[in-house]
Amino acid sequence: MKNPRNIVILTGAGISAESGLETFRSSDGLWANHRVDDVATPEAFARDPALVLDFYDKRRAAAQKAMPNAAHDALARLDQAWPGDVLLVTQNVDDLHERAGAQRLCHMHGELMSAWCTSCDARHRWTGALGDRPACPTCRAPSLRPDIVWFGEMPYHLDMIDRALSQCDLFVSIGTSGAVYPAAGFVQSARHFGARTLELNLDPSQGSIFFHASRMGRATDLVPAWVDDLLAEV
């Protein structure tokens with residue numbers, strides 16, 4: 001892992017769990033009371049928009065109450081100080097990375113704080129509720145939906161992510177289950193192009209065997225220590 005130049009970092013729900021946000025896959029997480037097919041597919045939205053909008057309105061409100069933790073802060077510090085290329089790819093839809101100060105960042109599964117108008121294709125920053133079907137600020141149609149990539153939809157920024165993976169020297173996965181594609185395949189893509197790979201996770205992910213090295217523990221412990229070591233070499 002010594003002397004990398006270009007770095008790609010993938011973060012998942014585990015990094016935000018320590019800020020108090022529920023994950024989907026824990027036994028008491030978001031899916032415990034909701035089926036995926038009921039709240040996270042285009043078909044669910046067409047069938048029962050009130051249920052879907054309420055689900056995401058509650059998630060949006062919870063995310064705004066949460067605060068970035070030490071892992072978010074450390075990655076923002078790395079983003080600001082790293083002299084080479086770095087791309088922080090998050091599967092999370094909260095804005096904790098941004099609020100910590102990260103800038104070289106992309107949300108591949110969308111953003112809670114964004115609303116997408118299905119009538120005019122405009123996107124707007126949105127911090128309030130969508131359940132009362134407010135009008136789109138651009139076209140005035142009541143056609144806003146959460147700007148979230150649901151199951152069956154194409155993740156965002158894949159061209160940029162693929163390009164970064166092909167050029168990176170180090171790929172790091174933090175707080176991910178390794179169960180959702182295409183993100184679960186990023187480690188193999190990075191290795192194909194010659195990058196070293198590191199997993200930082202509370203427990204081994206489903207793709208742990210593909211990493212050159214793994215460190216298990218809390219993100220708030222592992223990530224600041226890893227960033228300190230990396231920046232000490234700059």
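His-157 lies in the loop between β6 and α7 (158-167), where helices (H or I, at least four residues) and strands (E, at least two) are DSSP runs numbered from the N terminus. The model is a predicted one, in which local features need pLDDT of at least 70 and side-chain atom pairs count only at pLDDT 80 or more, while totals for chains, interfaces and linings use all residues. Residues are numbered from 1 along each chain as its sequence is written, and side-chain values use heavy atoms, with hydrogens and water left out.

The phi angle of His-157 is near 65°, a positive value in a residue other than glycine. Most residues other than glycine have a negative phi, and most peptide bonds are trans. With a relative accessible area of 40%, His-157 is partly exposed, a class that lies between buried (under 20% relative accessible area) and exposed (over 50%), as judged with a 1.4 Å probe and protein chains only.

Arg-133, in the loop between β5 (123-125) and β6 (144-148), also has a positive phi, near 55°, and this residue is partly exposed at 33% relative accessible area. A cis peptide bond, with omega near 15°, runs from Tyr-181 to Pro-182, and Pro-182 sits in the loop between β7 (170-174) and α8 (186-192).

Is Thr-11 buried or exposed? Thr-11 counts as buried, because its relative accessibility is 0%. Its side chain makes a polar contact with the side chain of Thr-90 at 2.8 Å; such a contact is a pair of N or O atoms within 3.5 Å, and within protein one must be able to donate a hydrogen and the other to accept it, while residues adjacent in sequence count only if both atoms are side-chain atoms. Leaving aside residues up to four places away in sequence, Thr-11 touches several others, including Leu-75, Leu-88, His-97 and Ile-174, where contact means heavy atoms within 4.5 Å.

Finally, the whole protein holds nine helices and nine strands, and buried residues make up 53% of its 234 residues. Of the contacts with a separation of 6 or more, 64% are between residues 24 or more positions apart. Along its principal axes, the C-alpha trace spans about 55 × 35 × 30 Å.
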